[in-house]
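Dear colleague,

I am handing over the structure below, and after it you will find my notes on what came out of it. Please read them with the model open beside you.

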Amino acid sequence: MSTGSSTILVVDDDEEIRDVLRMIFELDGFTVWEAANGLDAVTTIMKTHPEFVILDYQMPVQDGEKTATVLRSVAPETTIVALSGVITSKPHWADAYLSKEKLAQISPLIGSLASSPGAAATA
C-alpha cells in the first residue's frame, strides 16, 4: 500500500496495540514511529512529520483531543485517525475513526485515506 517513504506515528498507551500496529504498518511498507502518550506524540511529530497519526482517544498524560489540537497546529497536513475502545464514532478532531475492536481493518482504512486525501472515514 505504501510507497516505502510514507511515515506513520502510532500513539497509544497500550504497548501491545502499538506492537500490533507497528507490525501491520511495517508490512505495508511504512516507516513507523511510536509514542506512548500525547506529549511524546507532539515531540515525535515535530521531528518526523508523519503522513498519518493513529491516535488513541483515551490516554494518560494528555488525551487524544488535546494532542490532536496541538498536532493540527504544528502539522496541519497530517491525517489523524482516532483509535478507541470507548467511543463509537469519529470525533470532530479526527479525519477518520477506528474502533479497537476492528483493529484488523486499519490497513484498508489507511489505504483508502491515502488514495482519497480529505475523505473522512469510520470503521
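Leaving aside its neighbours within four places in sequence, with which residues is Thr7 in contact? Taking contact as heavy atoms within 4.5 Å, Thr7 touches Phe30, Thr31, Trp33, Thr48, His49, Pro50, Glu51 and Phe52. Thr7 lies in strand 1 (residues 7-11), where helices (H or I, at least four residues) and strands (E, at least two) are DSSP runs numbered from the N terminus. With a relative accessible area of 15%, Thr7 is buried; here buried means under 20% relative accessible area, exposed over 50%, and partly exposed in between, with a 1.4 Å probe and protein chains only.

Before going further, please bear in mind that this is a predicted model, in which local features need pLDDT of at least 70 and side-chain atom pairs count only at pLDDT 80 or more, while totals for chains, interfaces and linings use all residues. Residues are numbered from 1 along each chain as its sequence is written, and side-chain values use heavy atoms, with hydrogens and water left out.

Salt bridges come next. A search of the whole structure finds six of them, a salt bridge being a side-chain nitrogen of Lys or Arg within 4 Å of a carboxyl oxygen of Asp or Glu. In one of these, Asp19 pairs with Arg22, their closest N and O atoms being 3.1 Å apart; the two residues are separated by about one helical turn, because they stand three residues apart in helix 1 (residues 15-27). Both are partly exposed, Asp19 with a relative accessible area of 32% and Arg22 with 26%. Arg22 also forms a salt bridge with Glu34, where the closest N and O atoms are 2.2 Å apart, and this pair links distant parts of the chain, since Arg22 is in helix 1 and Glu34 in strand 2 (residues 31-35), twelve residues apart. Glu34 is likewise partly exposed, at 28% relative accessible area.

Another salt bridge joins Asp56 to Lys100, with 3.4 Å between the closest N and O atoms. This pair too links distant parts of the chain, 44 residues apart, with Asp56 in strand 3 (residues 52-56) and Lys100 in the loop between strand 5 (96-99) and helix 4 (106-115). Asp56 counts as buried at 3% relative accessibility, whereas Lys100 is partly exposed at 24%. Salt bridges that share partners join Arg18, Asp19, Arg22 and Glu34 into one network.

As for helix packing, helix 2 (residues 38-48) and helix 3 (residues 64-74) pack at an angle of about 10 degrees, with their axes 10 Å apart; axes are lines fitted to C-alpha atoms, for helices over the stretch in contact, and angles run from 0 to 180 degrees between N-to-C directions. Helix 2 is therefore roughly parallel to helix 3, a term that covers angles under 35 degrees. The contact is made by Gly38, Ala41, Val42, Ile45 and Met46 of helix 2 together with Thr67, Val70, Leu71 and Val74 of helix 3.

Finally, two backbone points deserve a look. His49, in the loop between helix 2 and strand 3, has a positive phi of about 45 degrees although it is not a glycine, and is partly exposed at 46%. Val61, in the loop between strand 3 and helix 3, is not a glycine either but has a positive phi of about 75 degrees, and is exposed at 60%.

Terms used
Parallel < 35°, antiparallel > 145°, perpendicular 65-115°, else oblique.
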